[in-house]
Amino acid sequence: MKRSIVFGVSTFVLALSGAMIGGAMIGVAPGAEVLQVDLTDWSPPKLSTLGNDPFSKLVKYGHALVTDTPNQIGPDVADPAKRLSGNNLTCQNCHLQAGTQPYAMPLTGVWGQFPQYRGREGEVGTLEDRINGCMDRSMNGKALALNSTEMKAYLAYMKWLSTGIADGAKLKGSGTLATKAPDRAVDLAHGEQVYAQTCALCHGNDGLGKRAATGHGYQFPPLWGPDSYNDGAGMGRVLNAAAFVMHNMPIGTSFDAPVLTDADAYDVAGYINSKERPVKADLAKDFPNRLQKSADTPYGPYVDGFDQHQHKFGPFGPIRAKIRELQEAAAAAAKAGASK
Ligand code: HEC
Ligand code: HEC
């Protein structure tokens, strides 16, 4: 059942324009109102509805690129020109269920969310830039050429997945669902314990995962080591990783019935990210405005006076407070400068 709910300034308008169909409010957005789409209760389009026209074919290739990346563009494919990804992860290892699982960074609806300002790049970026952000970091590979069939296929797939979702709609269930991280440093010994009890079964005691029976990918993907995401990836930030893990792992976990506690997720995320992984060059270029750098960015430089260890493992409260103070000082200085 598709639901699109009018998220308006006035519930009066909503009552007038909404119609109840099978219990779901189907809203008609009057004027400048913003649509809210609930991805936790949304049926994505079905592949079986695709035909053989050029757009449909490209969408199907995009789906293959998301769900079977290592066999399409991985480092070990036969055609050297197609070796675009640097590791054997598949996009779907993180963007679960072909990018449709809520709170597992779903790709549903992202089409209408770009261009968008991003602090990491310090500029307004396109969806292509964002895809290449994951190619460079999560996949430890190369940026796709903008006119490549692969880039067009990713875009076509994401556009198709976003069918029925208005541009700029507020998405419930996008990204990850934040945890209530304890305001203390990660307890690595506890993280190791959680890992051994709840994760090692699939991801291996050595964290290197388990290869698929056929092809280049994994049945259970690695969480660290040379074939994992690099140190510039979003999953390399402990609060991001905790949010993903708590609401999605062990595999099959739904965001509304987590297996781990907030503290378990925080500690095991810290444990995973304490391990060796590929190193990305030029990370100092990220967050050109250092005051926009998230507290849990595991690489410097920093302007808040806290060391790399604390940025990697917390506690984050003091870092956030200091950043807020510096932001306020910078805003006040800018205001004083402008009024001269
Ligand atoms: C029953 C098996 C299973 C268990 C247990 C499990 N996972 Fe996973 N995990 C998976 C699978 C399978 C995927 C890839 C999902 C896909 O491709 O659909 C995955 C993906 C991941 C990813 C993203 C991909 C990557 O390689 O970085 C992370 C992070 C992760 N798991 C962490 C954990 C943590 C932490 C635990 C323990 C709290 C855990 N998992 C427990 C099966 C499992
Ligand atoms: C190791 C996990 C991982 C893998 C593998 C991965 N991503 Fe991501 N991706 C993330 C995380 C985490 C975020 C969001 C956090 C951030 O902004 O860094 C994200 C964000 C995105 C977004 C933006 C989503 C939004 O809501 O704005 C797109 C698009 C995207 N990834 C595409 C891809 C594609 C395409 C691939 C495969 C080529 C891929 N990702 C592989 C972890 C991963």
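Helices (H or I, at least four residues) and strands (E, at least two) are DSSP runs, numbered from the N terminus. The model is predicted: local features need pLDDT of at least 70, side-chain atom pairs count only at pLDDT 80 or more, and totals for chains, interfaces and linings use all residues. Residues are numbered from 1 along each chain as its sequence is written, while chains are lettered from A and ligands numbered from 1 in the order in which they are written.

**Overall composition**

The chain contains 13 helices and nine strands. Of its 340 residues, 39% are buried; a residue is buried if 20 or more other C-beta atoms, placed from the backbone, lie within 10 Å of its own, exposed if 12 or fewer, and partly exposed in between. Two residues are in contact if their C-beta atoms, placed from the backbone, lie within 7 Å. Among contacts with a separation of 6 or more, 63% join residues 24 or more positions apart.

**Nonpolar cores**

A nonpolar core is a set of buried Ala, Val, Leu, Ile, Met, Phe, Trp, Tyr and Cys residues joined through C-beta atoms within 7 Å. The largest one comprises 57 residues, and Tyr157, Ala241, Ala242, Val245, Ala265, Val268 and Ala269 have the most contacts inside it. Two or more residues of this core come from each of α2 (54-67), α5 (96-99), α6 (127-136), α7 (149-161), α8, α10 (238-248) and α11. Because domain 1 (48-163) and domain 2 (176-340) both contribute residues, this core lies between them; the domain bounds come from an automatic or database domain assignment. Another core lies apart from it and has seven residues, including Leu39, Trp42, Ile165 and Leu171.

**The pair α8 and α11**

Helix α8 (residues 188-198) packs against helix α11 (residues 262-273) at an angle of about 95 degrees, with the axes 7 Å apart. Axes are lines fitted to C-alpha atoms, for helices over the stretch in contact, and angles run from 0 to 180 degrees between N-to-C directions. The two helices α8 and α11 are therefore roughly perpendicular, since angles under 35 degrees count as roughly parallel, over 145 as roughly antiparallel, 65 to 115 as roughly perpendicular and the rest as oblique. On the α8 side, Leu188, His190, Gly191, Glu192, Val194 and Tyr195 meet Asp264, Asp267, Val268, Gly270 and Tyr271 of α11.

**Local backbone features**

Most residues other than glycine have a negative phi, and most peptide bonds are trans. The table lists departures from this pattern.

| Site | Feature | Value |
|---|---|---|
| Phe114 and Pro115 | cis peptide bond | omega about -5 degrees |
| Met249 and Pro250 | cis peptide bond | omega about -5 degrees |
| Gln97 | positive phi | about 50 degrees |
| Met105 | positive phi | about 45 degrees |

Gln97 belongs to helix α5 and is partly exposed, with 13 C-beta neighbours inside 10 Å. Met105 is located in the loop between α5 and β5, and with 23 C-beta neighbours inside 10 Å it is buried. Pro115 lies in the loop between α5 and β5 (116-118), whereas Pro250 is in the loop between α10 and α11.

**Lys280**

Lys280 occupies the loop between α11 and α12 (308-313). Its C-alpha atom is separated by 6.1 Å from that of Asn230, 50 residues apart along the chain.
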